[in-house]
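Please read them with the structure open.

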Amino acid sequence: MYESFYKTLEELLIVPVVVLDSESQAAPMADALMAAGMCSAEVTFRTDAAAGSIRAMRDAQPKMHVGAGTVLTVGQADAAIASGAEFIVSPGFDAEVVSHCIEREVPVLPGTVTPSEVSAARKLGLTVTKFFPAAQYGGLDTIKALCAPFVGHRFMPTGGVSKANLADYLGSDSIVAVGGTWMVKPALFADGDFSQVERLAAEAMAAAHAVRG
Ligand code: 3PG
């Protein structure tokens, strides 16, 4: 299931986790990320601007892969999909949200950090899940341990992924792509200037390509 989306994730390498307070930040954020070669964004439903920002990013950069993050309810999933979200990400595993996205044929990446959670996700047909918060749950060591019994399962770790450990994660076949906030922290564009975002995103993509080609 979702094989073409998983292929896209592999190509994206890094999915920035974006928190926007205002929809007006969405287009310049999309422009900066695309200019840096970082062609996706996970726009989190932690602010009221999320749905409108997804729409605005897609309008500004139609080729960008824009998804929704921190999706905790079926209602949020529907709002995200209605705004044009191409994929849904949740911090944990909620069978109702996952099943709903599958029914709607929208790729979903629920968080799974235990064997039981990975099992539940695989039972619903998923072979790629998020691993969050990655640092606190043992990072790559835990991911490798989980992939021993769950042969072929892959993860998108977020939470503590940074310039410092990016290469370790992407060096593993168990990692489809990584996610993180280090190049899109709100303080970097609080003054409306997105050049720092573009610089850090370009730097991150160069480091990712150095590992994955
Ligand atoms: C999140 O969902 O909050 C991000 O995964 C956080 O990760 P960070 O460590 O990159 O901020």
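1. E6, helix H7 (residues 139-147) and E7 form a β-α-β unit that is right-handed: with the strands pointing away from the viewer, the path from the first strand over the helix to the second runs clockwise. Strand E6 (residues 128-131) runs parallel to strand E7 (residues 154-157), and four bridges join them. Thr-129 has Phe-155 in E7 as its bridge partner. Strands are said to pair if DSSP finds at least two bridges between them. Helices (H or I, at least four residues) and strands (E, at least two) are DSSP runs, numbered from the N terminus.

2. A word on the source: this is a predicted model, in which local features need pLDDT of at least 70 and side-chain atom pairs count only at pLDDT 80 or more, while totals for chains, interfaces and linings use all residues. Residues are numbered from 1 along each chain as its sequence is written, and side-chain values use heavy atoms, with hydrogens and water left out.

3. The secondary structure of the chain amounts to nine helices and eight strands. The chain is as compact as a globular protein of its length, because its radius of gyration is 16 Å, close to the 17 Å from the globule rule for 213 residues. That radius is taken over C-alpha atoms, and the rule is 2.2 Å times the number of residues to the power 0.38. Along the principal axes, the C-alpha atoms fill a box of roughly 45 × 40 × 30 Å.

4. Of the 213 residues, 52% count as buried, meaning under 20% relative accessible area (1.4 Å probe, protein chains only). Contact means heavy atoms within 4.5 Å. Among contacts between residues at least 6 apart in sequence, 62% join residues at least 24 apart.

5. How many residues of strand E2 are buried? Five of the five (residues 40-44) are, so E2 is largely enclosed by the rest of the structure. Ser-40, Glu-42 and Thr-44 point one way from the strand, while Ala-41 and Val-43 point the other way.

6. Strand E1 (residues 14-18) pairs with E2 in the parallel sense over two bridges, and Val-17 stands opposite Glu-42. From E1 the chain crosses through helix H2 (residues 26-35) to E2, in a right-handed β-α-β crossover.

7. E2 also runs parallel to strand E3 (residues 65-69), to which five bridges join it. Here Ala-41 stands opposite Val-66 in E3. The chain crosses from E2 through helix H3 (residues 50-60) to E3, and this crossover too is right-handed.

8. Ser-53 lies in helix H3. This residue is buried, with a relative accessible area of 0%. Leaving aside neighbours within four places in sequence, Ser-53 is in contact with Leu-20, Ser-22, Glu-23, Ala-26 and Val-43.

9. In helix H4 (residues 74-82), Ala-77, Ala-80 and Ile-81 are buried. They are on the same side of H4 because they cover an arc of only 95° around the axis, the arc being that of the directions from the helix axis to the C-beta atoms. An α-helix has 3.6 residues a turn, so residues three or four places apart point the same way. The buried residues of H4 pack against H3, E3, strand E4 (88-89) and helix H5 (95-103). After H4 comes Gly-84, with a positive phi near 100°.

Note on methods:
Buried means under 20% relative accessible area, exposed over 50%, partly exposed in between (1.4 Å probe, protein chains only).
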